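Here is a note for a colleague who is meeting this structure for the first time. Please keep the sequence and the 3D view open while reading.

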Amino acid sequence: MAKAKAKAKAEANGEEVNSIVSDFLHFLNASPTAFHAVDEAKRRLQTVGYEQISEREDWELEAGKRYFFTRNHSTIIAFAVGKKYVAGNGFHVVGAHTDSPCLKLKPVSKITKGGYLEVGVQTYGGGLWHTWFDRDLTVAGRVIIREGKDGSGPYSHKLVRIDEPIMRIPTLAIHLDRNVNSDGFKVNTQSHLVPILATSIKEELNKVVTDSPNERTDTYSSKHHSHLLQMIASQIGCRPDDICDFELQACDTQPSIVAGIKKEFIFSGRLDNLCMSFCSLKALIDSTSSESNLEDEIGVRMVALFDHEEVGSDSAQGAGSPAMLDALSRITNSFCSNSKLIEKAIQRSFLVSADMAHALHPNYMDKHEDNHQPKLHGGLVIKHNANQRYATNAVTSFVFREVASKHKLPVQDFVVRNDMACGSTIGPILASGVGIRTVDVGAPQLSMHSIREMCAVDDVKHSYEHFKAFFQEFSELDAKIKVDM
């Protein structure tokens, strides 16, 4: 009987993992860019009843209701107001980021040389650029189009994604680089990292014929290859001449999958940091899915997914912008006009800065300290750094660990070796810029910043459950903590 119960429990757990992971794969495959990730997050929030509000308008918020707004359509902040919330109460936030290292098309991407049509790109973030060679690439992003026939507007932005592989960055044959295996594969990102789109001879044989002899003289075709523009326009449903500008990036066409002989891994691009974005978003949605979930909540549950983390967060929509503080202030002021309450609210608030962590690599074990070796399947990793590259301290670490203990969730610790540089996250940026208590955490992964990364199926479930438990438990737990009193 005991074995039968254990088997049934294991099967039920397996079905739950499969459901969460299947949902995660859908999120990944729908999100080749930060714009698409925000669009997918927006779709999910609206499906369950979250109301979109605009930073350009006045906010009229109600306790017990759920809202979200976007900034630049690459950052999104969603929140649910507790039914017992009053102005001055705290915000319980999980923050992550929507961007990943990639190759972005240059303002003038048209390159023709050696009989080839190539696409000029610039590196974004600290990618492992050698992994972009010999991959089947496409483009995705957003396009600004002119919708009026007379050239006077209106103008709108449209998301675009070409599903088929249209570009490739070929590796140089070993016969022409005999020492590559002994000296290493050294990439010059300006001259070597240029995707091939077509050959010049095929371009001449298949020249694009314009629909109108009166095509505008400021057409984008002087800056970008006409076949590329034609394909983008066809995808959106406009004329190439209607394209005013765009932000596009190269993307791998291989879909995200569950893999490994035991089906225990996820192979995908952009796990850093769409994994944390997905888990935090799903945790917020599921912890606020019914009115009863917010019945006894005295605070505001929030997820903030920022753009531009990979390049320092210093932008109008990055974590270094006023976006977070603006949101906290406007929510507080919607319930009371006393502007001094925001300072009190911040001191009652808590941020989980969620960004993927470095799992122990079996082939490079010396890169981790002996006592801090996060493992796949081991649950969320709490990140520590005495020099404040991570914002974790004893209080914030305890809070996150206590939530895990109550829900029997695994948790790990990481510090970088003393003889290695330490990365950072949005955690210290928001902790110092807003003044909010912060813990830095992340799910363990391998191949971080590769075009194709790897994490464990179980850690997706662990992360989702940990964030959900944080939303459900924090108000009660925080009331028991006595610091600065």
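The numbered points below go from the whole chain to its sheet, its hairpins and one histidine.

1. This is a predicted model, in which local features need pLDDT of at least 70 and side-chain atom pairs count only at pLDDT 80 or more, while totals for chains, interfaces and linings use all residues. Residues are numbered from 1 along each chain as its sequence is written, and side-chain values use heavy atoms, with hydrogens and water left out.

2. The chain holds 11 helices and 20 strands, where helices (H or I, at least four residues) and strands (E, at least two) are DSSP runs numbered from the N terminus. With a radius of gyration of 24 Å, close to the 23 Å that the globule rule gives for 485 residues, the chain is as compact as a globular protein of that length; the radius is taken over C-alpha atoms, and the rule is 2.2 Å times the number of residues to the power 0.38. Along the principal axes, the C-alpha atoms fill a box of roughly 75 × 60 × 50 Å.

3. Of the 485 residues, 51% are buried, a term that means under 20% relative accessible area, with exposed over 50% and partly exposed in between (1.4 Å probe, protein chains only). The chain exposes about 22,700 Å², and carbon and sulfur atoms supply 49% of that area, as computed by the Shrake-Rupley method with a 1.4 Å probe. Among contacts with a separation of 6 or more, 77% are between residues 24 or more positions apart, contact meaning heavy atoms within 4.5 Å.

4. An open sheet of 9 strands runs in the order S1-S2-S3-S13-S4-S14-S18-S16-S17, with mixed pairing; two strands pair if DSSP finds at least two bridges between them. Its edges are S1 (51-52) and S17 (411-414), each of which pairs on one side only. Within this order, S3 (residues 75-81) and S13 (residues 300-306) run antiparallel and are joined by 6 bridges, with Val300 in S13 as the bridge partner of Val81.

5. S5 (residues 102-113) pairs with S6 (residues 116-124) in the antiparallel sense over 8 bridges, and Thr112 has Leu117 of S6 as its bridge partner. The hairpin that S5 and S6 make has 2 residues between the strands, and Gly114 there takes a positive phi near 60°.

6. Which residues does His157 contact beyond its neighbours within four places in sequence? They are His73, Arg142, Val143 and Ile144. His157 is found in S8 (residues 155-161) and is partly exposed, with a relative accessible area of 29%. The C-alpha atoms of His157 and Arg146, which are 11 residues apart along the chain, are separated by 9.1 Å.
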